[in-house]
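Please open the structure in a viewer with side chains displayed.

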Amino acid sequence: MHQLRSADTSFPDSVSDITIGYIGGGSHGWAHTLINDLLQCSDLSGHVALYDVDYEAAEQNATLGNELTARDEAVGDWTFDAYADLEDALEGADFVICSIQDPPEETFVHDIDIPKEYDIYQPVADTCGPGGAVRSLRAIPQYREIAAAVREQCPDAWVLNYTNPMTVCTRALYEEYPDINAIGLCHEVFHIQILLAEIAERYIDEAEDVSGSEIDVNVKGVNHFTWIDEATWYGHDVFQYLDDELEERKPLPSFEAGDLEDADYWINHHEIAFDLYDKFGLLGAAGDRHLVEFVPWYLAIDDPAEIQRWGFRLTPSSARVSDSDDGPAKMDTYLAAPEQFEFTQSGEEAVDIMRALVGLEALKTNVNHPNVGQIPDLPDGAVVESNVLITGAGVKPITAGELPREIRNMVTTAVNNQETLIEAGFAGDLDLAFEAFLNEPLVTISREDAQDLFAELIEIEREYFTDYDLENAAILEN
């Protein structure tokens, strides 16, 4: 993230009366981050309309937000209200934020556990692979509804999407409403910038206490399969030190199967990112748990513990549902005693992006946005991840350049599958959707087994596929 203050005196000092429509406003996670960030921003003020299918949860967050405005640390002047109707929440909005949970949580369990019965292992299952594909199909009708509501209630609003599958959700917004202003936001690249900051400190004499935001990177690819080919710190080339860093890290992989059995599920040593750099010359710019799902060879394992050789763990489905974490307990604590809510520096960029779009301070960062030539060797219109300049005039993609041929081959497969899923989702065509499913790199099983897996995933989640032509889908026939 690089904020660029202009000498132009036309920049306002503050902007008030902003309306934010928040879809997923009952969240016990990201909603708290947004409240935290808004209440620490002194030059924006306004109203947040919280919408959620769980209206009571949205009401709880509205109560929490309004309680926290009385805190001394809360320099932002915001009011929060819950809405039971999507259209009402978006009426006249300047910004729309989307961070919704796939309906319902048990679908995530199916997406992870059923492919495992076919010896297909997925650390995340929210973007690509069997789980990512069916998750995309479930998300497309939801995002068509969101885009239609934006078109009717706030056609000029900027939509900031945090929901995965990031690329497909953002692409669905544009397919339904081509004139929408929408970008997708993901923090994976920020983690790589922190890694590069640590490398800068080790190899550049004058580099001390370097923050990730000080590392300027050239980003190119698609969400969770993003690549970096340039990295600088105040004019110093950091990318040149990756060869030295790679040699320090070798041999790769550096762990033994089972080494991380007691480690945190989210642990990441960036060994996949560096192995990809070793093989292809660009650094993988996402967490290893995401990167491995776009290529077939790392997850071709007989024992799930084998993946620990690469410095991370497979995440069990039990870790992906709220009953296994302390979200609701925290919410009860905050409602009973708002003073226990701790304001923090979240590192998220939604508020900085809003500040840039209303003309307070320009911002250079990476987002997911339709390709208008910033990555010239990927299809126009496909949602890609690259750097942009955000100002009061909007979002302007910055030329990222082409990808090396072999990386382009892998990324293009992901793009084509995502485009096929969009086409299938809008047509309600599961037979077409299976073409993308079969083309997923992790689907390394036989054609017949792949059909059985696809049909099993659709059937067990059948109630969430009412927008598809289930009766005439040949792929579901035994």
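Select glutamate 361 in this predicted model: its relative accessibility is 15%, so the residue counts as buried, the limit being under 20%.

In total, the structure holds 24 salt bridges.

Proceed to arginine 138 and glutamate 461, whose side chains form a salt bridge at 2.5 Å, N to O. Arginine 138 belongs to helix H5 (residues 129-153) and glutamate 461 to the segment after helix H15 (447-460), so this pair ties together parts 323 residues apart in sequence. Both arginine 138 and glutamate 461 are buried.

Then select arginine 171 and glutamate 419, a salt bridge whose closest N and O atoms are 2.9 Å apart. Because arginine 171 lies in helix H6 (residues 166-176) and glutamate 419 in helix H13 (residues 405-427), the pair links parts 248 residues apart in sequence. Arginine 171 is buried, with a relative accessible area of 13%, whereas glutamate 419 counts as partly exposed at 25% relative accessibility.

Finally, turn to the surface and select Glu198, Glu201, Glu208 and Asp209, which gather there in a patch of negative charge. Within this patch, glutamate 198 is located in helix H7 (residues 188-203) and is partly exposed, at 38% relative accessibility.

Key:
Residues numbered from 1 in each chain as written. Predicted model: local features only at pLDDT ≥ 70, side-chain atom pairs only at ≥ 80, totals over all residues. Heavy atoms only, no water. Patch = residues over 30% accessible without salt bridge, like charges linked within 9 Å, V, L, I, M, F, W, Y side chains within 5 Å. Areas by Shrake-Rupley, 256 points an atom, 1.4 Å probe, with all protein chains shown as cover. Salt bridge = Lys/Arg side-chain N within 4 Å of Asp/Glu carboxyl O. Lys, Arg positive; Asp, Glu negative; His and termini not counted. Charge placed at Lys NZ, Arg CZ, Asp CG, Glu CD. Helix = DSSP H or I, 4+ residues; strand = E, 2+ residues; numbered from the N terminus. Buried < 20%, exposed > 50% of the residue type's maximum accessible area, 1.4 Å probe, protein only.
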